[in-house]
Amino acid sequence: QASQEELKAAYRRLCMLYHPDKHRDPELKTQAEQLFNLVHQAYEVLSDPQTRAIYDIYGRRGLEMEGWEVVERKRTPAEIREEFERLQREREERRLQQRTNPKGTISVGIDATDLFDRYDEEYEDVPGSSFPQIEINKMHISQSIEAPLTATDTAILSGNLSTQNGNGGGSINFAVRRVTSAKGWGELEFGAGDLQGPLFGLKIFRNLTPRCFITTNCALQFSSRGVRPGLTTVLARNLDKNTMGYLQWRWGIQSAMNTSIVRDTKTSHFTVALQLGIPHSFMMVSYQHKFQDEDQTRVKGSLKAGFFGTIVEYGAERKISRHSVLGATVSVGVPQGVSLKIKLNRASQTYFFPVHLTDQLLPSAVFYATVGPLVIYFAMHRLIIKPYLRAQKERELEKQRESTASDVLQKKQEAEAAVRLMQESVRRIIEAEEARMGLIVVNAWYGKFVNDNSRKNEKVKVIDVTVPLQCLVKDSKLILTEASKAGLPGFYDPCVGEEKSLKVLYQFRGVLHQVMSADNEALRIPKQ
């Protein structure tokens with residue numbers, strides 16, 4: 001975003017610093033020539049609107065192309081950017097053609113009621129009755145894939161299989177979705193299964209206003225009993241920036257009316273819902289708190305009461321790797337009993353394990369359902385997950401260091417040469433700042449600092465950047481923009497791929513101050 005005037009000012013300052021004629025020592029003169037040439041090349045590129053636009057978009061690779069086969073160099077910056085956006089759109093369309101967006105769910109129901117609901121007298125004469133029987137009593141598997149046909153049309157193929165206590169069935173569905181405009185889309189669905197007959201459906205989505213939309217789903221289910229029609233309509237509206245209100249009407253199979261309010265913010269998610277219908281009417285309130293940590297921890301609780309009884313649920317979920325989220329929920333209800341639900345989300349796949357512990361409200365079942373998953377999780381996290389993620393991160397860092405080793409070495413040599421060339425200028429700047437009791441950088445370090453006791457085994461990796469920072473002081477001010485400081489004159493990256501900071505000890509008006517700044521954080525000293 002720098003203007004031409006800012007570029008010129010920076011170019012003049014660096015030319016005065018690196019000009020070969022200002023250095024008599026042969027070695028310094030040679031290093032100054034190399035850095036002066038780099039500065040001159042950079043200014044030649046950035047001072048010309050065409051080459052600057054090419055560099056902004058493609059980097060050095062774009063400037064080095066022979067004949068530049070991507071776009072003509074004679075075009076204006078605006079035309080170059082338009083061409084780049086067109087190429088980007090074409091790439092996106094190609095990616096769209098290749099993307100199938102698979103989604104899947106595997107659910108395994110486990111009956112563990114024998115752990116808590118046993119009656120010893122019934123097992124007295126049964127061999128092996130001393131061991132509780134835990135069995136899988138139901139399973140469900142569903143999968144769907146999408147195949148983009150054009151930029152507006154998408155084909156969707158999905159299927160599912162379910163079994164419970166030895167009985168089950170499955171179905172397969174095919175749908176075609178078309179985006180009709182920026183305001184809506186429509187979808188046609190065809191399905192068939194071994195338990196149900198053919199299914200024909202139509203789904204329509206439409207934005208009525210910028211803050212309101214409606215979804216309508218019509219379906220015809222054919223079976224041996226005849227045709228069973230169904231209609232579901234949902235009307236939604238933004239009540240404010242973080243709150244949505246929904247009205248749902250369902251007619252046909254399990255007719256019902258439902259209204260709900262959902263408030264979703266950065267730190268919380270709140271839902272209240274009321275349903276009147278056949279066979280179930282209920283009221284539900286749920287709350288989820290989102291912790292602002294790197295593991296994206298969330299705790300949640302809900303209360304649901306209706307004609308079927310009352311259910312209280314509480315649980316938590318946490319990110320355990322880059323693409324995986326693990327969660328556990330305890331469900332306590334009348335007459336449902338106590339259940340533990342474990343869920344693992346891995347990318348677009350979901351693995352769900354509901355474990356039914358007891359049909360009664362037993363405090364022991366509630367206790368073990370709550371404490372058991374916590375103990376297992378923390379043990380696994382400390383003994384398996386954390387060491388694995390640490391080893392994986394080390395491998396990635398080592399690979400990154402190897403691939404950038406030669407480049408880092410070159411940058412280090414350039415930075416050291418720049419520091420040697422800055423010495424005379426820095427001496428003059430310090431003299432001028434001392435005369436006016438201005439800004440003097442006493443010490444400055446850049447790199448990886450270890451302040452946390454939990455990371456005391458990690459190695460500190462910092463470089464001294466006192467001279468380069470003092471060289472950037474102008475009129476008793478030091479201003480750094482929001483960009484990695486590894487690119488500043490006299491700096492280089494001492495720890496590739498790791499989190500870096502800048503620590504500065506400076507004197508202003510005769511008083512010592514200290515400031516710590518993140519790598520990409522803007523810095524302005526002295527502080528107001």
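The protein is split into domain 1 (4-62) and domain 2 (408-525), with bounds taken from an automatic or database domain assignment. Their centres, taken over C-alpha atoms, sit 21 Å apart. On the contact side (heavy atoms within 4.5 Å), 11 residues of domain 1 meet 11 residues of domain 2.

A word on what you're looking at: this is a predicted model, where local features need pLDDT of at least 70 and side-chain atom pairs count only at pLDDT 80 or more, while totals for chains, interfaces and linings use all residues. Residues are numbered from 1 along each chain as its sequence is written, and side-chain values use heavy atoms, with hydrogens and water left out.

## A four-stranded open sheet

Helices (H or I, at least four residues) and strands (E, at least two) are DSSP runs, numbered from the N terminus, and two strands pair if DSSP finds at least two bridges between them. With that in hand, four strands line up as β19-β18-β21-β22 in an open sheet with antiparallel pairing. β19 (461-464) and β22 (511-518) stand at the edges with a single partner strand each, so one side of each has no neighbour in the sheet. On average, neighbouring strands of this sheet are turned by 20 degrees against each other, direction ignored; the axes are lines fitted to C-alpha atoms, for helices over the stretch in contact, and angles run from 0 to 180 degrees between N-to-C directions.

Strand β21 (residues 501-508) pairs with β22 over eight bridges, in the antiparallel sense. Gln507 stands opposite Leu512 in β22.

β8 (residues 226-240) and β9 (residues 243-251) are antiparallel partners over nine bridges, and a hairpin of two residues joins them. Ala236 has Tyr246 in β9 as its bridge partner. Next, β9 runs antiparallel to β10 (residues 256-264), with eight bridges joining them; Arg250 is bridged to Ala256 in β10. That hairpin has four residues between its strands, and Gly252 in the turn has a positive phi of about 115 degrees.

Thr215 lies in strand β7 (residues 212-223). Thr215 counts as buried because its relative accessibility is 15% (buried means under 20% relative accessible area, exposed over 50%, partly exposed in between, with a 1.4 Å probe and protein chains only). Leaving out residues up to four places away in sequence, Thr215 touches Lys203, Ile204, Phe205, Thr232, Thr233 and Val234.

Most residues other than glycine have a negative phi, and most peptide bonds are trans. Here, the bond from Val334 to Pro335 is cis, with omega near 5 degrees, and Pro335 lies in the loop between β15 (324-334) and β16 (337-346). Another cis bond joins Ile525 and Pro526, with omega about 5 degrees; Pro526 is in the segment after β23 (523-525).

Asn165 has a positive phi near 50 degrees in the loop between β3 (153-164) and β4 (167-181), and counts as exposed at 58% relative accessibility. Met437 has a positive phi of about 55 degrees; Met437 sits between α6 (363-435) and β18 (439-448) and is partly exposed at 46%.
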